[in-house]
Amino acid sequence: MACAFQRRFPVPVYLGLLLGAVCPQTVEVEGAALKSEGALESGGAVINHSMALLQRLEALLAQGNGSDVVLRVQTVSSDEVKVVQAHALVLALQSEVFDELLQSRNASTLVLKEPPECAAVFDKFIRYLYCGEIAVRLDQAIPLHKLASKYRVWALQQGLSLYMRQYMASDSPGGHVVGWYHYAMQTGDAALRDSCLQYLSWNTSAVLQSAEWGSVSDGLLMTLLQRSDLVLHSELELFEALEAWIGQNQPDGLTVENALRAVRYAMIPPQQLFRLQKQSPVLLKYHESVRDLLYMAYQFHSASPLQLAKYFDVNCSLFTPRNYLSPAWGSPWVINNPTRDDRSTSFQTQLGPSGHDSGKRVTWNALFSPRWLPLSMRSAYSGEQGGATQVARADGGGGGRPRIIVTPATSSADFAGVSFQKTVIVAARQQGRLVVRHVYNFHQSTEETGDFLAEADLQRRGSEYLIDGSLHLHIVVKPLYHSLIVSKK
């Protein structure tokens with residue numbers, strides 16, 4: 001049974017539930033709750049009226065009975081004032097700051113000044129102090145977090161940080177993750193900052209098309225542009241979104257130049273590069289700032305990897321692909337009933353992103369096994385060494401966990417100077433939206449990744465890794481060019 005205000009404010013999430021603040025199993029008997037207690041003697045029990053007490057405390061606040069302190073909340077830059085009849089004992093127990101203010105007060109009234117967004121949720125904040133539970137909406141998370149931080153209500157602060165990390169995929173009209181990232185940077189909340197950055201990186205295509213893309217700061221923009229783990233359709237999609245961001249925000253020239261130089265032009269097909277040079281207003285204006293990068297991109301598209309490596313540092317970001325979802329880079333793979341048996345699929349990718357290799361294709365074989373044993377354990381279940389696609393499995397499914405391998409169907413002399421970085425993207429539905437749940441990167445020299453779905457429970461149909469009982473994957477193969485090692489004479 002929740003506090004009375006829960007019925008008056010039916011909003012999505014209650015932090016008491018989010019933090020797992022639930023009582024052990026109880027039995028209601030005529031308004032009381034009886035809980036068995038292992039440490040008591042036989043026949044002993046605990047009579048629990050704590051929820052009724054919380055209700056009375058909340059009613060005490062609502063009615064103002066026995067109030068011994070008045071909180072006068074003034075909204076900054078406004079004449080609006082809220083008056084709260086409160087109780088010094090409750091405030092002091094819950095907040096270090098209120099404890100200090102109450103000890104130093106000279107009157108029964110405390111005057112508090114809050115910005116408009118915090119003043120708007122101050123009633124909710126005070127109610128939390130009385131009953132330990134609060135209903136939160138996406139747009140209220142930051143102002144409530146500010147109040148919790150200001151008044152040193154640490155449990156609420158931590159609960160709100162956890163709420164924001166877990167509800168990034170929720171839909172909101174103007175978006176909220178970018179705002180949460182900027183707030184995390186201001187407050188030094190590293191966990192929230194990293195969670196926001198990961199979400200923005202793994203769901204870049206959706207972010208580029210959303211209303212919040214225009215609110216990205218200069219610093220966040222450069223942080224994103226410098227990352228190789230962005231999940232998006234193509235580098236061209238990123239350039240076009242950058243062009244729109246520049247048009248909307250009108251940043252200074254240095255910011256524009258730095259942003260344009262972070263685009264990986266070598267990952268854009270030459271025919272599209274030609275079009276951009278002639279039709280893009282931003283490139284036409286700042287052509288001199290990126291002339292050298294465009295020149296290198298055209299050289300990249302005209303030479304073989306081995307020729308290119310003789311003259312350029314091919315390990316630089318210009319020649320490093322991101323996680324592109326277009327067909328040339330990989331393939332989606334939906335696995336129905338993923339715990340049932342082994343599955344396999346084949347697909348083709350381009351040999352490399354350069355125009356020189358645009359007509360060459362590599363065929364890939366992918367194998368998924370729900371109960372695949374690590375290499376160190378396979379000898380116990382398989383008496384002989386098999387090929388790359390042979391799988392040793394534990395009978396009954398008790399000894400292994402999900403595994404996936406991706407191998408080329410054939411080898412070729414064209415592979416000289418190139419290695420292939422395999423990435424498996426796992427999609428999921430969170431708060432009703434399709435998002436990237438996890439990204440697994442294979443080491444360049446291996447055909448599998450040891451931690452694939454290590455934390456997932458695929459046996460549970462409602463698993464957060466499944467969509468309607470199916471596993472939704474997207475395999476991306478990124479060709480990486482090697483620098484030549486020149487021996488000294």
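**Helix packing and salt bridges**

Tutor: Helices H8 and H9 make a left-handed crossing. The model is predicted, so local features need pLDDT of at least 70 and side-chain atom pairs count only at pLDDT 80 or more, while totals for chains, interfaces and linings use all residues. Residues are numbered from 1 along each chain as its sequence is written, and side-chain values use heavy atoms, leaving out hydrogens and water.

Student: Why are H8 and H9 called roughly antiparallel?

Tutor: The axes of H8 and H9 (residues 154-166) cross at roughly 155° and come within 8 Å. Angles over 145 degrees count as roughly antiparallel, under 35 as roughly parallel, 65 to 115 as roughly perpendicular and the rest as oblique. H8 and H9 are therefore roughly antiparallel.

Student: Which residues make the contact of H8 with H9?

Tutor: Contact means heavy atoms within 4.5 Å. From H8 come Ala 141, Ile 142, Leu 144, His 145, Ala 148 and Ser 149; from H9 come Leu 156, Gln 157, Leu 160, Ser 161, Tyr 163 and Met 164. These residues divide into 8 nonpolar, 4 polar and no charged.

Student: Why do Glu 114 and Lys 150 count as a salt bridge?

Tutor: A salt bridge needs a side-chain nitrogen of Lys or Arg within 4 Å of a carboxyl oxygen of Asp or Glu. Glu 114 and Lys 150 show 2.9 Å, N to O. Glu 114 sits in strand S7 (residues 109-114) and Lys 150 in H8, so the pair ties together parts 36 residues apart in sequence.

Student: What makes Glu 114 buried or exposed?

Tutor: Its relative accessibility. Buried means under 20% relative accessible area, exposed over 50%, partly exposed in between (1.4 Å probe, protein chains only). Glu 114 has 2%, so Glu 114 counts as buried. Lys 150 has 41%, so Lys 150 is partly exposed.

Student: How do you know that Arg 291 and Glu 288 form a salt bridge?

Tutor: Their closest N and O atoms are 2.3 Å apart. Both residues lie in helix H18 (residues 287-302), 3 residues apart, about one turn of the helix. Arg 291 is partly exposed at 44%, whereas Glu 288 is exposed at 56%.

Student: What makes Asp 341 and Arg 343 a salt bridge?

Tutor: The closest N and O atoms of Asp 341 and Arg 343 are 2.6 Å apart. Asp 341 has 28% and is partly exposed. Arg 343 has 15% and is buried.

Student: How many salt bridges does a search of the whole structure find?

Tutor: The search finds 20. Arg 437, Asp 457, Arg 460 and Glu 464 are linked in a network of salt bridges.

Student: Why is Ala 456 called buried?

Tutor: Ala 456 has a relative accessible area of 16%, so Ala 456 is buried. Ala 456 lies in the loop between strands S16 (433-441) and S17 (470-481).

How values were computed. Helices (H or I, at least four residues) and strands (E, at least two) are DSSP runs, numbered from the N terminus. Axes are lines fitted to C-alpha atoms, for helices over the stretch in contact, and angles run from 0 to 180 degrees between N-to-C directions. A crossing is left-handed if the near helix is turned anticlockwise from the far one by less than a right angle, and right-handed if clockwise. Ala, Val, Leu, Ile, Met, Phe, Trp, Tyr, Cys and Pro count as nonpolar, Asp, Glu, Lys and Arg as charged, and the others, Gly among them, as polar.
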